[in-house]
Amino acid sequence: MNDKKLVAYFSCGGDTAMIAKQLAKAADADLFAIKPAVPYTEADLDWNDKNSRTSVEMRTMESPEIAERAENMDEYGVVFLGFPIWWYLAPTIVNGFLQSYDFSGKTVIPFATSGSSGIEKAEAVLRTKCSEETKWLPGKLMNGGVTLDDMREWIKELGL
């Protein structure tokens, strides 16, 4: 199996991006930002407004169009997939990212940032977006206190 690694992540406020960049360094991985074709505005991200763009996306489970594709996805054997937790789930753009590629034979490892929610429900839903030939390793919730050494230790525990 190809051991080339990619850290693909979606971030709005910057927390997940910061973690993803550190993880890419710890894992000696390439980095890819998952971005919507139409960027989110502050109003779009207002989870208190049931009619905001993200509220509607999470209610309908419709993924926004992704701005660009990751190049040479077939070269990667391991994909770390990062996102913030929204309503106990990954944002729908992450579902769209997974459905845009064939992850058969690849290993996917989710990681998330969250103020209070766990990653378990998000991870379970994400697994349904890939073929049965996709290998999943246990995900990890990573917030601001996670160090580069913590990430290296996690990667080692994963057997990578």
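**Ground rules.** This is a predicted model, so I keep to its limits: local features need pLDDT of at least 70, side-chain atom pairs count only at pLDDT 80 or more, and totals for chains, interfaces and linings use all residues. Residues are numbered from 1 along each chain as its sequence is written, and side-chain values use heavy atoms, with hydrogens and water left out.

**Cysteines.** I looked up Cys130 and found it buried, at a relative accessible area of 14%. Buried here means under 20% relative accessible area, exposed means over 50%, and partly exposed is in between (1.4 Å probe, protein chains only). Cys12 is partly exposed, at 34% relative accessibility. I then searched the whole structure for disulfides (a pair of cysteine sulfur atoms within 2.5 Å) and got 0.

**Helix α1.** Helices and strands are DSSP runs (H or I, at least four residues, for helices; E, at least two, for strands), numbered from the N terminus. I noted that α1 covers residues 15-27, 13 residues in all, and spans 18 Å from first C-alpha to last, close to the 18 Å expected at 1.5 Å a residue. That expected span is 1.5 Å times one less than the number of residues.

Which residues of α1 are buried? I listed Thr16, Ala17, Ile19, Ala20, Leu23, Ala24, Ala26 and Ala27. Their cover includes the strands β1 (5-9), β2 (30-33), β3 (78-84) and β4 (107-113), plus helix α5 (148-157).

**Positive phi.** Asp28 sits in the loop between α1 and β2 and is exposed at 70% relative accessibility. Asn72, also not a glycine, has a positive phi of about 55 degrees. I place Asn72 in the loop between α2 (53-60) and β3, partly exposed at 42%.

**Aromatics.** I get 9 aromatic pairs. Rings of Phe, Tyr and Trp (its six-membered ring) pair if their centres lie within 6.5 Å; planes under 30 degrees apart are stacked, over 60 edge-to-face, the rest tilted.

Phe10 and Trp86 are edge-to-face, 5.7 Å centre to centre with 85 degrees between the planes. Phe10 is in the loop between β1 and α1 and Trp86 in the loop between β3 and α3 (92-99), so this pair ties together parts 76 residues apart in sequence. Both Phe10 and Trp86 are buried.

Phe97 and Phe103 have centres 6.1 Å apart and planes at 55 degrees, so I log that pair as tilted. Phe97 and Phe103 are both buried.

Last entry: Phe10, Tyr40, Trp86 and Trp87 make one aromatic cluster.

Key:
Contact = heavy atoms within 4.5 Å.
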